[in-house]
Amino acid sequence: MNNKIKVVFLILVFAGGWILGSQNNKAPVITSSIGGASYAGGYQGQQGAVAPRTEQGQVHIVEAGQSIQAAVEAAQPGDSIQVMPGTYSETVYIDKDNIHLRGVIQEGKRATLDGLGTLNDAILYSGNNVVIENFRITQYKGNGIMGQAGNNFEIRNNVIVDTGIYGIFPQLGTNGLVEHNVVSGIEDAAIYIGMSDNIHVAYNEVFDSVAGIEIENSRHAIVEHNNAHHNTGGILAFVTPGLPIKTTEDVIIRNNFVLDNNTPNFGAPGSIVSGIPAGTGILVMAADDVIIEGNIISGNKTAGIIVNDHSFAPTITMDIESDPNSDRTMILDNVMLNNGYDTIPEVTAVALTELHTGSVDIVHVGSSDGSCIINRHRYRAVGIGDYGECDFTNTDSIDSYLIAGGAQPRIIRPEERGEIAYLGVCTGCHSYTGRLIGPSVQVIQAMYAGNPQGLVDYINAPIKKRDNFPPMPAQNYLDAETQLAVAEYMLALEK
Amino acid sequence: MLYLHNYFKLSITAFFWLMISLHVYNATAATEFSLADQCPPSFALSADNQCQLRNLYQLYDSLQSQGLGGLKTALPTHRDGFSPQQIDLGRLLFFDPLLSGDKTLSCANCHNPERGFSDGMARSVGAKGQLHQRSAPTLWNSAFLSVFFWDARAESLEEQAIGPLFSAIEMNNTPQQLISDLKQNAIYPELFQQAFPQSDDAVVVANIVTALSAFQSSLISLNSAYDRYAHGDANALNPQQLEGLNIFRSFVARCSQCHTPPLMTNQQVAVIGTPEPQGLARDIGAQATFDAELLRGGFKVPTLRNIARTAPYMHSGRFATLREATEFYNKGRGHAVPEGEKLQLHWHISEPNLTDNELDRLVDFMGALTDESFMPTIPQRVPSGLLNHSSNSHLGLRSGD
């Protein structure tokens, strides 16, 4: 914040504090959160991220000493891979759909992925409907489990220890469940939901990391029943400017333990989280429609809940497309004990403008449009003078923001498929009338009239037919449906 | 296999191209400069005479329809809907030096199709031999962009096209002279009328930039070895390239965090702190565009498609090879930022400590992003009759018209 704005801000806050302070003698309005109105906003969701299989594919067993990746390569969509206890040092990548990758736990012994301090990431996936569970992951340089754009994922019951940048990091995916994981010793976030939609993070224990759980540039996320303790910051919902997806909206952080997150910040210089003050319970930065409810927030020395805008963060860039304010923060009943007892000068300065001295449970810096709270009298709070009274008291009506039946693939009719593949690929070498790189479509039609399957067979494994033409690359990367569609499309072309 | 196919296309002799031209284009040979009535490859012609893009990524979705993600992810929204005539007129204009003030430079001088629609130079040379501050970006896949120029100062192909035409250090033309030259030409007025039949006076700047935009939007490169891997061919990448892909998307190297598939750019501005060429002051880049000190030295993340074809690299061509450009990221956050220079470096600029082998594999992977199978036909002659000079004088060898 530049100095001029800061001074104006201080004066305004001072005035607000004075007015509020003068009202402090009235008996507080006590709102019961039992049986009252429930939050009606957000997204109507379902339980479970990966639809149950109607039939099981093959089960591939990986024994200690064998390669997990070799099993992934052998697996077809619908198959499961069971990894027996033992130590595996490899990067596993899943670039196919509907693979369930499971560690087998025998009398407490897990299948352990050990990066030996030299391998980059333990598990990467890009496919849809992927399940990853029951592993122990340690000593990777990058991430424990990282998703890129896979939809409908479940990451469950993994133990991730001392592993690089992020423990669990699904990115650019829709509809995912991250639950029952134990993640610790992570240089950035133990669990980091990045640029994703419809996410459920529950029953995880995250500790000894810079950030416990981060919801970043994501929408429709519920973070509940987690234990975030002894991190630098416990649970974070924010917008990082400069990313291509610009918003964080509709996040419920409820019924978590957020305890003693006072670990000195050991984030990499320049990383976004390196700006988080040690002692942060819950941090909301530039995220909208965040509900904080039913958490036990205790022993976080800077503050229990910090809500701020981008001007308060030292490590971020500028992005004109990114709204810097936290709008519509909603704070329901939370148990807050012993927070903000050794806070940072920035929070003290804000507190002083409201003549507040001593510990701070809640601090809000920056504009707070549409924000609300119930039972504000319980907390040692600063900067919430503009907060209204919430017109609901709980989120009981919302179980989950997951999508019923999962995120569905785009529906493309066969004739559209044929046209897309013909124009998108074939026309580089084939024109309707004349020779280009390969023979004309008319020549091909004459050879395969009434025989689309013959054409499919050829493009799957082309053989060189003409001396003065280059060999054709196989088109076997197209799925069977698209291959047949393009063959039929090509044989029916009229110009 | 595709590599072979590209090699074949690129290394073929002039004789071969002539042979093709006789087969494919004899319909247009009679009237030398009539405009195509069919769309370029990868486009479907609609009933109302618009070319609509088709590509395999249209089989997929993307989060928030932003065109960012992993392997099977839709592309960002694209520009299409131009007519075949507009695209073809744009092609002729693109290669015609008549568009420059002194009639020696065409768009293709700096965006040479034989050099990945760039020019092989660290910094491009404009009117009167003036050296530009920055390098010429590739035009492949510009249909998918919503941000143009290194400093992100334009938001559409049309807005972009205006820039070089009338910049004193690029093509150095004026709207008045450009219109006058085109109107005096024996051929162009009729071609403009064909491409813009609704216009009473078709030779206007707006139509010129529409035609140039139409041609640029037809430069589609989405059939590389990487793409075949993405669509499902597990063997499309060789083991070195596959290893490179996994490093590329790993969170140690973090390349894909900004060079995000499938376009291999997230189109954001990033401050990465590359060194300027010897003796040049810091290029402030996007700071000027957004009047924001935090963006000092920030530039648009460029696509990596066909990147192996567009050396040298970075905004001022500081790195001669892909290997050097890759190594920059491995040398430590801010290692090339001079003392006293204050840059808010991007959070993903870190110290990945990649091995030499890993750097080599990244270069291998970027080589798998090459696809020029939809290379447009380069006109042997343009309506002005002017020759392309100097650096692209050889373009005529590959003529199809």
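A salt bridge here is a side-chain nitrogen of Lys or Arg within 4 Å of a carboxyl oxygen of Asp or Glu. The views come from a predicted model, where local features need pLDDT of at least 70, side-chain atom pairs count only at pLDDT 80 or more, and totals for chains, interfaces and linings use all residues. Residues are numbered from 1 along each chain as its sequence is written, chains are lettered from A and ligands numbered from 1 in the order in which they are written, and side-chain values use heavy atoms, with hydrogens and water left out.

**View 1. A salt bridge between B:D283 and B:R134.** Here the closest N and O atoms of B:D283 and B:R134 are 2.7 Å apart. Between domain 1 and domain 2 of chain B, the count is 1 salt bridge.

**View 2. The two domains of chain B.** Domain 1 covers 2–220 + 374–398 and domain 2 covers 225–367, with bounds from an automatic or database domain assignment. Their contact (heavy atoms within 4.5 Å) takes 39 residues from domain 1 of chain B and 37 residues from domain 2 of chain B.

**View 3. Chain B against chain A.** Have a look at the 59 residues of chain B and 65 residues of chain A that make this contact. About 5400 Å² is buried between the chains, 61% of it from carbon and sulfur atoms; buried area is the accessible area (1.4 Å probe) that two parts lose on being put together, summed over both.

**View 4. B:D61 meets A:R410.** Their side chains form a salt bridge (2.8 Å, N to O). Between chain B and chain A, the count is 3 salt bridges.
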